[in-house]
Amino acid sequence: MDHRCRVVPFDLHPSMYLGMALFTEVTNAAELRANVMKGALSGALLRPQLILETFQVLMAANKAVYGLTHGSMKTKTVHSEIIFSLSPSNNISESFKKFGISDESEEVLIAVVDGKDGVLLREACEQVKGNLVDLDNLTDTADTSLVKTVYMVPDDELRISSLLDSVVSRMATKEAMK
C-alpha cells in the first residue's frame with residue numbers, strides 16, 4: 001500500500017478497516033461517480049473541502065459501520081452511510097450533494113470500509129485519474145469558511161471549542177436534533 005494512503009482498524013470491529021486516499025487534479029470525477037452508482041467502485045467519494053482532518057471521516061465511518069452491524073443504516077450501503085454521517089442534516093439527498101463529489105470535482109477523498117490488506121482501497125485508487133497526495137494535505141484542501149457555514153458554527157463558539165470539535169459534535173448528535 002502506498003504510504004500516502006491510510007488503512008486504520010475500527011476499534012469495535014477489528015476485522016474491518018477504513019482505507020483513505022486523497023487525490024488532487026482529478027480529471028474523471030464523472031466517471032468515478034458513475035462507477036460508484038453501477039457498483040464498479042466501492043467507496044465513498046468525498047468532497048475534501050468539507051473535511052478538516054481524517055478523524056472526521058473516521059468518526060463518520062464508525063457511525064456507518066455501527067449502522068451496518070446493527071441493521072440501522074439510513075442509506076443503502078456502508079459507503080453512502082459514511083457520506084450521510086458526515087452531514088449535519090438528516091436529509092440524505094442534501095448530504096450527498098454537499099459531501100459527495102460532483103462531476104466537475106478536481107479533488108477527491110476516497111473512504112473505503114475494507115479489510116486489513118486494503119484491496120478495495122487499492123482498486124478504487126486505480127480508477128482515479130489524478131495525483132495521489134499525502135492525507136496530511138487535507139488541512140490545505142479544507143475550506144474552513146465553508147465548513148463553518150455548512151455546520152452552522154458561529155465564531156463565538158470557536159472561542160471555547162475547536163472547529164473540529166464543533167463539527168464532530170454536530171455529526172454525533174444529529175439524530176437527537178431532529
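Me: What covers the buried residues of α8, and which residues of α8 are called buried?

Reply: In α8, the buried residues are Leu163, Leu164, Ser166, Val167, Val168 and Met171, where buried means under 20% relative accessible area, exposed over 50% and partly exposed in between, with a 1.4 Å probe and protein chains only. Their cover includes α2, α3 and α7 (144-150), the helices being DSSP runs (H or I, at least four residues) and the strands likewise (E, at least two), numbered from the N terminus. This is a predicted model, in which local features need pLDDT of at least 70 and side-chain atom pairs count only at pLDDT 80 or more, while totals for chains, interfaces and linings use all residues. Residues are numbered from 1 along each chain as its sequence is written, and side-chain values use heavy atoms, with hydrogens and water left out.

Me: Why is α2 called roughly parallel to α8?

Reply: Helix α2 (residues 54-70) packs against helix α8 (residues 163-173) at an angle of about 10 degrees, with the axes 10 Å apart, and therefore α2 counts as roughly parallel to α8. The axes are lines fitted to C-alpha atoms, for helices over the stretch in contact, and angles run from 0 to 180 degrees between N-to-C directions; under 35 degrees is roughly parallel, over 145 roughly antiparallel, 65 to 115 roughly perpendicular, and the rest oblique. On the α2 side the contact is made by Phe55, Gln56, Met59, Ala60 and Lys63, and on the α8 side by Leu164, Val167, Val168, Met171 and Ala172, contact meaning heavy atoms within 4.5 Å.

Me: What makes α3 and α4 roughly perpendicular?

Reply: These two helices pack at an angle of about 90 degrees, with their axes 8 Å apart, which means that α3 is roughly perpendicular to α4. Ser80, Ile83, Phe84 and Leu86 of α3 meet Ile92, Ser95, Phe96 and Phe99 of α4, and these residues divide into six nonpolar, two polar and no charged, where Ala, Val, Leu, Ile, Met, Phe, Trp, Tyr, Cys and Pro count as nonpolar, Asp, Glu, Lys and Arg as charged, and the others, Gly among them, as polar.

Me: How do you know whether Leu18 is buried or exposed?

Reply: Leu18, found in strand β2 (residues 13-24), has a relative accessible area of 0% and is therefore buried. Apart from neighbours within four places in sequence, Leu18 touches Arg6, Val7, Val8, Phe10, Val57, Leu58, Ala61, Ile82, Ala111 and Val112. Its C-alpha atom is separated by 9.8 Å from that of Val65, 47 residues apart along the chain.

Me: How do you know whether Lys38 is buried or exposed?

Reply: Lys38, in the loop between α1 and β3, has a relative accessible area of 63%, and is therefore exposed. The C-alpha atoms of Lys38 and Val168, 130 residues apart along the chain, are separated by 31 Å.

Me: What makes the phi of Glu25 and Met152 worth a remark?

Reply: Most residues other than glycine have a negative phi. Glu25 has a positive phi near 50 degrees and lies in the loop between β2 and α1, whereas Met152, in the loop between α7 and α8, has a positive phi of about 55 degrees. Glu25 counts as exposed because its relative accessibility is 58%, and Met152 counts as exposed because its relative accessibility is 64%.
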